[in-house]
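Me: I would like to go through some labels used for this model and ask what each one rests on.

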Amino acid sequence: MRVLIIEDEIMARRSLEKLLENNFPDIEVVAELGSVSDSVAWLKASPEAVDTIFMDVELSDGECFEIFRQVEVKANVVMTTAYDNYAIKAFEAGSVDYLLKPIDQAALGRAVERCRHASGLEGTDVERILAALDKTRHGKEYKERFLVHINDMIVPVKTYDVAFFYSEDKNNHAVTKDGTVYIVDSTMDSIITGLDPERFFRISRSCIISKDAVESVTKLLGGRLKIVSKVTPSRNIGPEPDLTVSRSRGDDFLEWLEK
């Protein structure tokens, strides 16, 4: 079995590696990483290189859940955590195995055996993990998906796939992280009410942006802010969406972006 360890604490990483080495001679630890950014880059470059990932919740540059939002994880996942009760509830909701730190040898053995009998991500529902995480953190259930229009069809789009919403020509649009543009049959007031305020911010009456979509921010004359998005709409939609932060919302936006 090929294993990837994602853990930012060196001692914890070495301890887990030693437990695996001493008790499971057929296991090969192919890589050890400590950050979201490094993990995303590695998994994008080597999507089939591991069978199981042992993944800590808190990493050096954020929470491990961001990895799921940025790259498809095909391996079995075993989460490790010291105290995050909200995270444990999320793991249970998504049928993901987890280990409490300090990791016990018997518990590790059970996790390894489950992974041996699992197949890829069978039984692991990443969307349910993220939804359960939001719910248990904030005590409120946020909207998991929006119904969008494609010609005569109506299809669901997952909320965490959306980069930003904007209004144009009396229609409201959702732009996903791959640049696809959809028409959303909801008002902007209704949209913002159903979104997690830690992940989305209404920068103006006509635009709501995801924190994941912000590439950089430029200060304009008069104190306004202009956002450069990581996402470019993939089709001709007329004028480019206006990603200017209203003057009255600038300070709140920067405070939100820093969290």
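Me: How many disulfides does the structure hold?
Reply: This is a predicted model, and the structure holds 0 disulfides. A pair would need cysteine sulfur atoms within 2.5 Å.

Me: Why is cysteine 207 called buried?
Reply: Buried means under 20% relative accessible area. Cysteine 207 has 0% relative accessibility, so it counts as buried. Cysteine 64, also at 0%, counts as buried too.

Me: Where does cysteine 207 find its bridge partner?
Reply: Cysteine 207, in E14, is the bridge partner of serine 204.

Me: How do you know that E13 and E14 are paired?
Reply: Pairing takes at least two bridges between two strands. E13 and E14 (residues 207–210) are joined by 4 bridges, so they count as paired, and they run antiparallel.

Me: What makes E9 and E13 edge strands?
Reply: The open sheet has 7 strands in the order E9-E8-E12-E11-E10-E14-E13, with antiparallel pairing. E9 (153–158) and E13 (200–204) each have a single partner strand, so one side of each lacks a neighbour in the sheet. On average, neighbouring strands here are turned by 35° against each other, direction ignored.

Me: Which helix packs on the sheet, touching E13 and E14?
Reply: Helix H8 (residues 250–258) does, and its direction makes about 160° with that of E13.

Me: Why are the buried residues of H8 said to line one face?
Reply: The buried residues of H8 are Gly250, Phe253 and Trp256. Seen down the axis of H8, they fall within an arc of 125°, so they line one face of the helix. Asp251 and Glu258, on the other side of H8, are exposed.

Conventions
Residues numbered from 1 in each chain as written. Predicted model: local features only at pLDDT ≥ 70, side-chain atom pairs only at ≥ 80, totals over all residues. Heavy atoms only, no water. Buried < 20%, exposed > 50% of the residue type's maximum accessible area, 1.4 Å probe, protein only. Helix = DSSP H or I, 4+ residues; strand = E, 2+ residues; numbered from the N terminus. Axes fitted to C-alpha atoms, helices over the stretch in contact; angles between N-to-C directions. Contact = heavy atoms within 4.5 Å. Arc of directions from axis to C-beta.
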